[in-house]
Amino acid sequence: TMCQLCSNEFTLVNRRHHCRACGKVVCSQCSANKAPIKYRQFESVKVCSRCFDDLKLRYRNDPSLLPRFKKRDTSRTVGKYIPQRLKLSANAEESQMSGYLKQKKGARWKTNWFVLKDRVLYTYKASEDTVAVETVPVLGWQLETLSDKNFELYEGMSAGLVFHLSHPGRGAMVFCAENDNFAEKWMTALREATTLEESTA
């Protein structure tokens, strides 16, 4: 699960908090401020940054409530470090291909959202995420389709929908698309991304 404002994942260090105004589940960075709330007899309680701004605007002309707004300086708080390579929205424009695929993880298939952009395959937990969980530069990887091997089924999936990406030093990744049309589009996009175009000069 992740913060409903900034999408940072909750961990043992990055704990979840509830905004006392709107009820959203947010991280400590996004719930660092306190504001007076009517149903709590205008006691200063922890609120998300969005509600803090809304409430301050609502009570800006009430001199008795303004001192109860407490803004914490979070600039020195060390948040979770996110490598630059992972900072790409799941709905990135100009991507070569995007969509849900099943990926073989151990003995199970796991569904994730994938984006192929500039020869890099980005993995996300969901289509609205702003930070990828993994990136793989696919240039030099080998694309292999199981439909070529006359399999009927592969690990319970229709073989025509399954394709492999393999690399001598990195092992293999196995994917399954939801239908023939989607599988064909992914395979075409990956075939182009994994190979350098031959110069015609």
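Reader: To how many aromatic pairs does the count come?
Author: The model is predicted: local features need pLDDT of at least 70, side-chain atom pairs count only at pLDDT 80 or more, and totals for chains, interfaces and linings use all residues. Residues are numbered from 1 along each chain as its sequence is written, and side-chain values use heavy atoms, with hydrogens and water left out. Rings of Phe, Tyr and Trp (its six-membered ring) pair if their centres lie within 6.5 Å, and planes under 30 degrees apart count as stacked, over 60 as edge-to-face and the rest as tilted. By this rule, the number of aromatic pairs is five.

Reader: How many residues apart in sequence are the parts that Phe42 and Tyr59 tie together?
Author: The ring centres of Phe42 and Tyr59 are 5.8 Å apart with planes at 85 degrees, so this pair is edge-to-face. Phe42 belongs to the loop between strand E3 (33-37) and strand E4 (43-47), and Tyr59 to the loop between helix H1 (49-58) and strand E5. Helices (H or I, at least four residues) and strands (E, at least two) are DSSP runs, numbered from the N terminus. The separation of the tied parts in sequence is therefore 17 residues.

Reader: Is Tyr59 buried or exposed?
Author: Buried means under 20% relative accessible area and exposed over 50%, with partly exposed in between (1.4 Å probe, protein chains only). Phe42, at 24%, is partly exposed. Tyr59 has a relative accessible area of 13%, so Tyr59 is buried.

Reader: How many residues apart in sequence are the parts joined by the pair of Phe114 and Phe175?
Author: Phe114 and Phe175 are edge-to-face, with 5.3 Å between centres and 85 degrees between planes. Both Phe114 and Phe175 are buried. Phe114 lies in strand E6 and Phe175 in strand E13, so the parts they tie together are separated in sequence by 61 residues.

Reader: How many disulfides does the count give?
Author: A disulfide is a pair of cysteine sulfur atoms within 2.5 Å. The sulfur of Cys6 has its closest cysteine sulfur in Cys3, 3.7 Å away, too far for a bond. For the sulfur of Cys30, the closest is in Cys27 at 3.8 Å, also too far for a bond. The number of disulfides is zero.
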